[in-house]
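Please read it alongside the sequence and the model shown below.

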Amino acid sequence: MRHLVTFVFCAALAACTATAPPDKSGPPQPRPLGRVDFPTYDKHVLPNGLTVYALEYHEQPIVAIRLMITTGAERDPANLPGVAAFTASLLNKGTKTRSATDIAATIDQIGGSLEASSDMESTNISAAMLTDSVNVGFELMYDIVMNPAFAPQELARAQQQMISNLVSNMQDANFLADAAFNRLVYGVHPYGHLESGTLTSVPRIRRENLVEFHGRYYAPNISALAIVGDLSASNAFRLAEQWFGSWPKKDVASSDNPPAPGMEGRRIVAIDKPDAVQTEIRVGHTTVGRKDPDYFNVLVASYILGGSGSGRLYQALRVERGLTYGAYTSVQPRRGPGLFYSTTNTRTAKTGETLNLMFEQLQKFRSGELAVEELQNAKSYLIGSFPLSIEVPNSLANRLTTVFLYDLGDDYLKTFRDRLADVMSADVLRMAKERISGEKAAVVLVGKVSEFKSQLEGLGNIDVIPPDKLDLDSPSLRK
């Protein structure tokens, strides 16, 4: 699962005085976090509908450019996952006038970078270069976006590489658990398939599929261009108009984003991997969309339950029982229904004990109380990590295009820290009761089923899928 919401460690220094020894009876109290706001930026919408952000950052003579097109794997043709991913990955592999080698050589000559990729909901083309080479960066980005060749030999090479990766990944329990869990939760929803494509779909992708996808969905009126760095806002807007002002506007239908299938009860799928010595475990369900006002409440709840090294799951499974090296909870944001899920792994013999303990912690979270320290630590951690995510031009550009993707509003980055600070215990507990459950959840286990199935008695019906019957193309996960 790509582009998931992750947490970055920040240090909290203990307050001390010169007149009294420090109190070592408990953990040190964190100092109040200093305020670090998102830098001021300018926004302009071109006549063709392209939204342009300009943020001046003069710390270094560098400019980062990021073009986000709000279309991705969710728009893949039916039964052909991977088209969005291949369309993006081949952008810098040749244009009508430049070969892949030409593009690579040109960007190398200016000491820059040029990358293109897609995820479930967006396609991103990013470039970085020294300020005096910004025109070359824009020229290359324009060329690969407007004039991709989608050369058959480059497509064949990319397909072979992806097939090799997938063959390897299908032997990886961690990959299988993530892919099967995503499919189990979303089913036939557009979010349900693999972004990269599958062993069945990748060989069937043709050049005309990429040409059609590019022609239909690569449009300025559903895109944002962020220009961040050692460049005045006026010059940034001038360059945006010069290079992308003539990009023709298109009539792009709204994405089909139906509700995800609900979980009536607990659904457990065990994927048999006879050579495994441990079991990969995923437990979770859908949650609110990224724009939902409750998203911040869910984010804080996620950290309290499964924050790295401090969450309840980690304490119960790792510290108290020694069942695993780590247990975490994550939120995968989406424009539609997002994901709220917990992940861990354990020795095969401890699979049942670990899963039962995860269910116990989920139920306790739903029905228990919230310590003041838990809430404060979670908010301090999340708020404190914010400055680390806006340190360099690339990160700043990414933040700006993310705001556009989820339609979060022009004041979002200015109020991000305040919205987190405003989360109260009652908000988190309400989310726990309304949105977090181990009873109405998808559960995926990947490991040696013959040695752990008997440990799962009483937890619900278990669908065991042998290795030769697993099909990630199918909503049922079965061939």
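This is a predicted model: local features need pLDDT of at least 70, side-chain atom pairs count only at pLDDT 80 or more; totals for chains, interfaces and linings use all residues.

A residue counts as buried under 20% relative accessible area, as exposed over 50%, and as partly exposed in between.

- Tyr142 and Phe244 form an edge-to-face aromatic pair, with 6.0 Å from centre to centre and 65° between the planes.
- Because Tyr142 belongs to helix α3 (residues 134–146) and Phe244 to helix α7 (residues 233–244), the pair ties together parts that are 102 residues apart in sequence.
- Tyr142 has a relative accessibility of 25% and therefore counts as partly exposed, whereas Phe244, with a relative accessible area of 0%, is buried.

**The aromatic cluster and the arginines over its rings**

- Tyr295 and Phe296 also form an edge-to-face pair, for which the centres are 6.0 Å apart and the angle between the planes is 80°.
- Both Tyr295 and Phe296 are buried, and together with Phe386, Tyr412 and Phe416 they form one aromatic cluster.
- Arg290 is placed over the face of Phe296, at 5.8 Å from the ring centre, and Arg399 is placed over the face of Phe416, at 5.3 Å from the ring centre.

**Packing of helices α11 and α13**

- Helix α11 (residues 372–385) packs against helix α13 (residues 412–421) at an angle of about 170°, and the axes of the two helices are 9 Å apart.
- Angles over 145 degrees count as roughly antiparallel, and α11 and α13 are therefore roughly antiparallel to each other.
- On the α11 side the contact is made by Lys379, Leu382 and Ile383, and on the α13 side by Arg417, Leu420 and Ala421.
- By residue class, this contact of α11 with α13 comprises 4 nonpolar and 2 charged residues, with no polar ones.

**Asp102 and its separation from Met170**

- Asp102 is located in helix α2 (residues 100–109), and with a relative accessible area of 38% Asp102 is partly exposed.
- Asp102 and Met170 are 68 residues apart along the chain, and their C-alpha atoms are separated by 35 Å.

Terms used: Residues are numbered from 1 along each chain as its sequence is written. Side-chain values use heavy atoms; hydrogens and water are left out. Axes are lines fitted to C-alpha atoms, for helices over the stretch in contact, and angles run from 0 to 180 degrees between N-to-C directions. Helices (H or I, at least four residues) and strands (E, at least two) are DSSP runs, numbered from the N terminus. Angles under 35 degrees count as roughly parallel, over 145 as roughly antiparallel, 65 to 115 as roughly perpendicular and the rest as oblique. Contact means heavy atoms within 4.5 Å. Ala, Val, Leu, Ile, Met, Phe, Trp, Tyr, Cys and Pro count as nonpolar, Asp, Glu, Lys and Arg as charged, and the others, Gly among them, as polar. Rings of Phe, Tyr and Trp (its six-membered ring) pair if their centres lie within 6.5 Å; planes under 30 degrees apart count as stacked, over 60 as edge-to-face and the rest as tilted. Buried means under 20% relative accessible area, exposed over 50%, partly exposed in between (1.4 Å probe, protein chains only). A charge sits over a ring if NZ of Lys or CZ of Arg is within 6 Å of the ring centre and within 35 degrees of the ring normal.
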